[in-house]
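Dear colleague,

I am handing over the structure below, and after it you will find my notes on what was found. Please read them with the coordinates open beside you.

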Amino acid sequence: MSQLSHRTATAADEALYLQWANDADVRKNSFNEAQISPQNHHLWFSKKLKEEEALLLVFVNEEKEAVGQVRIDKGDYLQVDISVDQQHRGKGYALQMLQMALTEYVQRFGKNIRIFSLIKRENISSIKTFEKAGFKLQEDSAHPLYLKYIFTPLN
Ligand SMILES: CC(C)(COP(=O)(O)OP(=O)(O)OC[C@H]1O[C@@H](n2cnc3c(N)ncnc32)[C@H](O)[C@@H]1OP(=O)(O)O)[C@@H](O)C(=O)NCCC(=O)NCCS
């Protein structure tokens, strides 16, 4: 497994993010499973880049290939989104990426935060990744198809 580095996403990453967002497994594991149009993606992505509390990190391997992204941002609450490029799944990158993104978020915004993740019950690789990164399962009857996980840096 390659040691990863990360950089903050820029407007030049719009097409890369759209490609990752429309990946079949990414859509299957999302709330809204429909494909995303380039127009909607453009509006969403340009807005996200400007949000002060949003962290959008692109992860790069030692061969300088972009292998995935982690986004931590505010919807109804602070939440994390992660995807690994299809070519690079099954290599253990997700845990490395998630840990680095959490460290970066805490460095920027402090430890007094709670970060959530909603994960489809059948998404085993994601569940394993979040549990290894220190996320704890929360009861949440509002989402029968999902498990709700919480990460609190202070605990
Ligand atoms: C979920 C995702 C980020 C995981 O990334 P990844 O780098 O491929 O994950 P890994 O290969 O490190 O797998 C994570 C763990 O799950 C395990 N795993 C994967 N599939 C499994 C299965 N069917 N049964 C049991 N364990 C499984 C792996 O062995 C690994 O465990 P280990 O660290 O103990 O070896 C990636 O598959 C992805 O981008 N999926 C589409 C988007 C998505 O679902 N995002 C998450 C939304 S919450």
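Helix H3 has 13 residues and reaches 19 Å from its first C-alpha to its last, which is close to the 18 Å expected at 1.5 Å a residue. Please keep in mind throughout that this is a predicted model. H3 is hardly covered, since the count of buried residues among its 13 residues is 1.

Two packed helices are described by the angle between their axes and the distance between the axes. For helix H1 (residues 14-21) and helix H3 (residues 38-50), the axes come within 10 Å and cross at roughly 120 degrees. An angle of 65 to 115 degrees would count as roughly perpendicular and one over 145 as roughly antiparallel, and H1 and H3 are therefore oblique to each other. The crossing in which H1 passes H3 is right-handed. On the H1 side the contact involves Glu 14, Tyr 17, Leu 18 and Ala 21, and these meet Pro 38, His 41, His 42 and Phe 45 in H3. Sorted by class, this contact of H1 with H3 has 5 nonpolar, 2 polar and 1 charged residues.

**Helix H4: its packing and two of its residues**

The other helix pair in these notes is H4 with helix H5 (residues 124-132), which pack at an angle of about 40 degrees with their axes 9 Å apart. Angles under 35 degrees count as roughly parallel, and H4 and H5 are therefore oblique to each other. Their crossing is right-handed. Ala 94, Leu 95 and Leu 98 of H4 make the contact together with Ser 125, Thr 129 and Lys 132 of H5. The residues of this contact of H4 with H5 divide into 3 nonpolar, 2 polar and 1 charged.

Met 100 is found in helix H4, which covers residues 93-109. A residue needs 20 or more other C-beta atoms within 10 Å to be buried and 12 or fewer to be exposed, so Met 100, with 16 C-beta neighbours inside 10 Å, counts as partly exposed. When residues up to four places away in sequence are not counted, Met 100 touches Leu 4 and His 6. Between Met 100 and Arg 89, which are 11 residues apart in sequence, the distance in space is 17 Å, C-alpha to C-alpha.

Glu 104 also has its place in helix H4, and because it has 16 other C-beta atoms within 10 Å, Glu 104 is partly exposed. Leaving aside neighbours within four places in sequence, Glu 104 is in contact with Leu 55 and Leu 57. Of these, Leu 57 lies 47 residues from Glu 104 in sequence, with the two 9.4 Å apart in space, C-alpha to C-alpha.

**Residues in strands, loops and the end segment**

Which backbone angle of Lys 64 deserves a look, given that this residue is not a glycine? The answer is phi, which for Lys 64 is positive at about 70 degrees. Lys 64 sits in the loop between strand E2 (55-60) and strand E3 (66-74), and it counts as exposed because it has 7 C-beta neighbours inside 10 Å.

Ile 115 is found in strand E5 (residues 115-120). Not counting residues up to four places away in sequence, Ile 115 touches Ile 72, Leu 78, Gln 79, Val 80 and Phe 151. The C-alpha atoms of Ile 115 and Tyr 105 are separated by 10 Å, and the two residues are 10 apart along the chain.

Leu 154 is found in the segment after strand E7 (146-151), and it is exposed, with 9 other C-beta atoms within 10 Å. Once its neighbours within four places in sequence are left aside, Leu 154 is in contact with Lys 111 and Asn 112. Leu 154 and Ser 46 are 108 residues apart in sequence, and in space their C-alpha atoms are 32 Å apart.

Key: Residues numbered from 1 in each chain as written. Predicted model: local features only at pLDDT ≥ 70, side-chain atom pairs only at ≥ 80, totals over all residues. Axes fitted to C-alpha atoms, helices over the stretch in contact; angles between N-to-C directions. Helix = DSSP H or I, 4+ residues; strand = E, 2+ residues; numbered from the N terminus. Left-handed = near helix turned anticlockwise from the far one by under 90°. Contact = placed C-beta atoms within 7 Å. Nonpolar A, V, L, I, M, F, W, Y, C, P; charged D, E, K, R; others polar. Expected span 1.5 Å × (residues − 1).
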